[in-house]
Every structure is written in C-alpha cells, then in structure tokens.
Amino acid sequence: MRRGALDPEDLGISAVGSRRRVSGLRREEVADLASISSDYYARIEQGRLAPSPPVMASLVRVLRLDEDQADYASSLIEHAAHAEQAASVDPGAEASRSPRADRFRVRPQLQRLLEQLTETPAIVLGPRTEILAWNPLAEQVYAPFGEMSKKQLNYVRLIFTDPAMRELFADWPSVARSCVAILRREAAASPEDPALSALVGELTISDRDFGRWWAARNVARQDFGTKLLRHPRVGELTLDWDIFRYASAPEQQLIVNSCEPGSETRERLARLLEDARG
C-alpha cells in the first residue's frame, strides 16, 4: 500500500513521542494532510467511496503518486464510480452484463498492417497480454508462436515460465517487472475478470518474483523503449519498440520493433528473415 512506503518525517510528521507498529503513514495522518475526515479516507481506501476530483488531487499530492500511479488510482476510482452508478440504476446490471465476445478477435485493420510489416518483428497483444497475432519475423526473433497452445500464447506467462525467454532478454528482471506493472494496470480496468485473476494466481504460485512484484502494487504504462536480446542463432539484437493502439479497439496493441538502418541488428534481422521465408 502506497502510504506504507512513505516516511512520515518527509511529510513533516515527527516520530518523537509516538510508537508506530507499522511503517509509513497512518490513515488518520493521510486524512489530516488531505484535509478530509479519517472515516472518509478509510472508505476511499477500501473502495467503498469514489472521491471528488479536488479530494483525489489532494491525495495524489499527499501520497506523492507519480503519473503512472495516479493514473492507476484514477482507474480504480472510475470503476468504483461506474459500479456504484450501475447498482443504483439497476442492482442486477453487473450480473447480467454480457461478455465482450469479440474482445480477442484481431481487428482487420491491425491484421492487414501486421501482414504488411514484413521486415520488422511485430505482434498484436490483447488486454491480458494474450498474443493474438504475429508476423513471421516475430517468430524468428522471439518464439515459435504457431506451435504453441492458446494457453501458452500469453506474453507475461512466457516471460515468467519459458526458460528460453529468460535467456533471450539481456535484462530479464527489468522486462519482467515492467510486465507485472502493465498487467496490474489491466487489473484496475477489469477487476472482476476471472481469466485475469486466474493468470495472476497461477503466476503468483509458480514464480516467487512475480508474487513479490505483484504485491508491490507498482503500475506502469510504457509505449516505447529499447531492449537488448541475446538471440541464440544470430547474436545480440538491439531493438527499439513502440506500441500503437487502434482507436476502435484500444484493448488491442500493435507492438512494432525497429532498428537503425545499416546496423548489425539490421543485418542479423535480414538473416532471420531469410530463415522465415526459407
């Protein structure tokens, strides 16, 4: 919990004469700094009340949330507000809501674009990091997706359970932590998603690092970056990656890798492309 990570003295709260059983700020201290009642803050923290925008802004300041953390908190609050509104209009609305059956169907525009990206690795991910589609070069760079079962085709699951993926990424811990933080953002948007809960439960049990990083409650939204891969056939690949979202299907992400023209990585990708066409 964020308030447990804060040092009271950094916020002008003296520890002299007080005995603290836990680290960080107490609820009443957060409430006092945000100029709200302790009961009001407790209900916010427990998800029973959505704060007004001014109160939310005050809590972001007091808890010293960064941009990603503030965005995550807002997602949770927005969901709580929608649920409260739906319940007041129709108590059975949540239970009768139909599932988004087309959630995992790749949009034709994305599929067409993916097929046209012939010289750069590219994949389409779903909201739970499901690997929905890929081009031939992505299989050569990352893994033989076409040979995997539907359950295996999940990016975060592969990162944590496939030994080859641990070897592929030069900085695997950083990549894995980012995956956990991104997955937690989806958990905020879909807190009652049983498949997402099952994935988190499975990885928490099977991998100690995942459980530890998930419990840290860090969140992130990353749209670009650079990664170093140690490919078993062609050697090191330095790839820039960018995420593109289709407005009509924002839960589907097209991830495109690129590299500098004339670089060693470009030459090595060309070799892998020959294998893909082979």
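Contact here means heavy atoms within 4.5 Å. The legends below describe a predicted model.

**Figure 1. Overview of the protein chain, with 13 helices and five strands.** The chain has 278 residues, and buried residues make up 41% of them. Of the contacts between residues at least 6 apart in sequence, 53% join residues at least 24 apart.

**Figure 2. The open sheet, with its five strands in the order E2-E1-E5-E4-E3.** Pairing in this sheet is antiparallel. Strand E2 (131-134) and E3 are the edge strands, each of them pairing on one side only. Direction ignored, neighbouring strands are turned against each other by 25 degrees on average. Helix H13 (residues 264-277) packs on the sheet and touches E3 and E4. The direction of H13 makes about 80 degrees with that of E4.

**Figure 3. Close-up of strands E1 and E2, an antiparallel pair with three bridges.** Strand E1 covers residues 122-125. Two of its residues can be followed across to E2: Ile123 has Trp134 as its bridge partner, and Leu125 has Ile131. Five residues lie between the strands in this hairpin, and Thr129 takes a positive phi near 65 degrees there.

Figure 4. Strand E5 consists of residues 249-258. Towards E1, the antiparallel pairing has four bridges, and Ala122 stands opposite Val256 of E5. Towards E4, the antiparallel pairing has seven bridges, and Trp241 stands opposite Asn257 of E5. E4 and E5 form a hairpin, with two residues between them.

Figure 5. Strand E3 (residues 224-231) and strand E4 (residues 235-246) run antiparallel and are joined by eight bridges. Gly225 stands opposite Trp241 of E4. Trp241 also stands opposite Asn257 in E5.

**Figure 6. The largest nonpolar core, with 44 residues.** Which members touch the most other members of this core? They are Val141, Phe145, Ile159, Phe160, Phe169 and Phe210. Helix H10 (residues 172-189) supplies the largest share of the core, with seven residues. A second core is separate and has 15 residues, including Leu6, Val30, Val62 and Leu65.

**Figure 7. Surroundings of Phe160, one of the members of the largest nonpolar core that touch the most others.** With residues up to four places away in sequence left out, the contacts of Phe160 are Arg166, Trp172, Ala176, Val180, Leu203, Asp207, Phe210 and Trp213. Among them is Phe210, which is also listed with Phe160 among the core residues that touch the most other members.

**Figure 8. Packing of helix H11 (residues 194-206) and helix H12 (residues 208-215).** The axes are 5 Å apart and meet at an angle of about 120 degrees. H11 is therefore oblique to H12. Val200, Leu203, Thr204 and Ser206 make the contact from H11, and Arg208, Phe210, Gly211 and Trp214 make it from H12. By class, four residues of this contact are nonpolar, three are polar and one is charged. Leu203 of H11 and Phe210 of H12 take part in this contact, and both are also touched by Phe160.

Terms used
Residues are numbered from 1 along each chain as its sequence is written. This is a predicted model: local features need pLDDT of at least 70, side-chain atom pairs count only at pLDDT 80 or more; totals for chains, interfaces and linings use all residues. Side-chain values use heavy atoms; hydrogens and water are left out. A nonpolar core is a set of buried Ala, Val, Leu, Ile, Met, Phe, Trp, Tyr and Cys residues joined through side-chain atoms within 4.5 Å. Buried means under 20% relative accessible area, exposed over 50%, partly exposed in between (1.4 Å probe, protein chains only). Two strands pair if DSSP finds at least two bridges between them. Axes are lines fitted to C-alpha atoms, for helices over the stretch in contact, and angles run from 0 to 180 degrees between N-to-C directions. Angles under 35 degrees count as roughly parallel, over 145 as roughly antiparallel, 65 to 115 as roughly perpendicular and the rest as oblique. Ala, Val, Leu, Ile, Met, Phe, Trp, Tyr, Cys and Pro count as nonpolar, Asp, Glu, Lys and Arg as charged, and the others, Gly among them, as polar.
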